[in-house]
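Please look over the sequence and the model shown here before reading on. The paragraphs below then lead through its features one group at a time.

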Amino acid sequence: MISFGNDWDGLLSEELGKDYYLRLREFLKAEYSRGRIYPPMNDIYNALRYTSREGTRVVILGQDPYHGAGQAHGLCFSVKRGVTPPPSLKNIFKELYAEYGMPTPPSGELTGWARQGVLLLNTTLTVREGQPQSHKGRGWETLTDRIIELVNEKTSPVVFMLWGGNARAKRSLITNPQHLVLECAHPSPLSAYNGFFGCNHFRRANEFLESHALTAIDWSRTEE
């Protein structure tokens, strides 16, 4: 049985017993047994383990995990200490410098954000090495859509950051008018200059949280 160690255990218990998820589980068993799949099996659900639903104040949606060796560890856009930040993450840090004058962090690990209530959720939680979107359409999207819906149902305000087409396609799941939805281009080098740079999402998120008497995110605290 999967254990998240927080309120996600009860919230997702029914979902994890559904047929689509059981089929996904069998698919993953086969995939991990015959090839290199990322992140490591024990890291798949780190986004939910680090950030409870109750504690979620910001949601950043990614697509699927990094597909290079040693990069993915279950938090979208994040890599562990000692791993070179990929281009999208470098661009996120550039935007933070533009908004706050924040120096580039010592590593690309974003566990500090997750511990503060930033749910770093990919819409697909696993991938084959070197094959982006190789686990798309296998059932992950049904689960992660449900996670988004459960956050949408929160009574306290949440900021949703939707970067790029894949994330923005989830806009229809966010129906609660008390939440703030911020949309722009993906931070990938292919699109960052089409609206990600200059989006001011990090500052706008904190202004929104503070306007609702909620603690702002310390974006400089990237690690635990």
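The model is predicted, so local features are described at a pLDDT of at least 70 and side-chain atom pairs at 80 or more, whereas totals for chains, interfaces and linings use all residues. Residues are numbered from 1 along each chain as its sequence is written, and side-chain values use heavy atoms, with hydrogens and water left out.

The structure holds ten aromatic pairs, a pair being two rings of Phe, Tyr or Trp (for Trp, its six-membered ring) whose centres lie within 6.5 Å, counted as stacked when the planes are under 30 degrees apart, edge-to-face when they are over 60 and tilted otherwise. In one of these pairs the ring centres of Phe77 and Trp163 are 5.6 Å apart and the planes stand at 55°, so the pair is tilted. This pair links distant parts of the chain, 86 residues apart, since Phe77 is in the loop between strand E2 (58-62) and helix H4 (87-100) while Trp163 is in strand E5 (residues 159-163). Helices (H or I, at least four residues) and strands (E, at least two) are DSSP runs numbered from the N terminus. Phe77, with a relative accessibility of 9%, counts as buried, and so does Trp163 at 2%, where buried means under 20% relative accessible area, exposed over 50% and partly exposed in between (1.4 Å probe, protein chains only).

Trp163 also forms an aromatic pair with Phe202, which is edge-to-face, with 5.9 Å from centre to centre and 65° between the planes. Here too distant parts of the chain are linked, Trp163 in strand E5 and Phe202 in helix H8 (residues 201-211), 39 residues apart. Phe202 counts as buried, at 0% relative accessibility. Ring pairs link Phe77, Trp163 and Phe202 into a cluster with Trp113, Tyr193, Phe196, Phe197 and Trp219. Elsewhere, the charged end of Arg203 sits over the ring of Tyr100, 4.3 Å from its centre; the criterion is that NZ of Lys or CZ of Arg is within 6 Å of the ring centre and within 35 degrees of the ring normal.

Turn next to the core. The largest nonpolar core has 67 residues, and those with the most contacts inside it are Ile60, Trp113, Met161 and Trp219; such a core is a set of buried Ala, Val, Leu, Ile, Met, Phe, Trp, Tyr and Cys residues joined through side-chain atoms within 4.5 Å. Leaving aside neighbours within four places in sequence, Met161 is in contact (heavy atoms within 4.5 Å) with residues including Ile60, Phe202 and Trp219.

For H4, the 14 residues should span 20 Å at 1.5 Å a residue, and its end C-alpha atoms are 20 Å apart, which agrees; the expected span is 1.5 Å times one less than the number of residues. The buried residues of H4 include Leu89, Ile92, Phe93 and Leu96, and what covers its buried residues includes helix H5 (111-115), E5 and H8. Just after H4, Gly101 takes a positive phi of about 65°. Helix H6 (residues 140-152) reaches 18 Å from its first C-alpha to its last, close to the 18 Å expected. H6 is mostly covered, ten of its 13 residues being buried, among them Trp140, Glu141 and Asp145. The cover over the buried residues of H6 includes helix H1 (8-12), helix H2 (19-34), strand E3 (118-122) and E5.

Finally, consider the charged side chains. Side chains of opposite charge can pair when their charged atoms come close. The structure holds 13 salt bridges, each a side-chain nitrogen of Lys or Arg within 4 Å of a carboxyl oxygen of Asp or Glu. Arg146 forms one with Glu153, the closest N and O atoms being 3.5 Å apart; Arg146 is partly exposed, with a relative accessible area of 25%, and Glu153 is partly exposed at 44%. Arg168 forms a salt bridge with Glu183, with 3.0 Å between the closest N and O atoms. Arg168 lies in helix H7 (residues 165-168) and Glu183 in strand E6 (residues 180-184), so the pair ties together parts that are 15 residues apart in sequence. The side chains of Glu183 and Arg171 also meet in a salt bridge (3.6 Å, N to O). A network of salt bridges links Glu31, Arg34 and Arg128.
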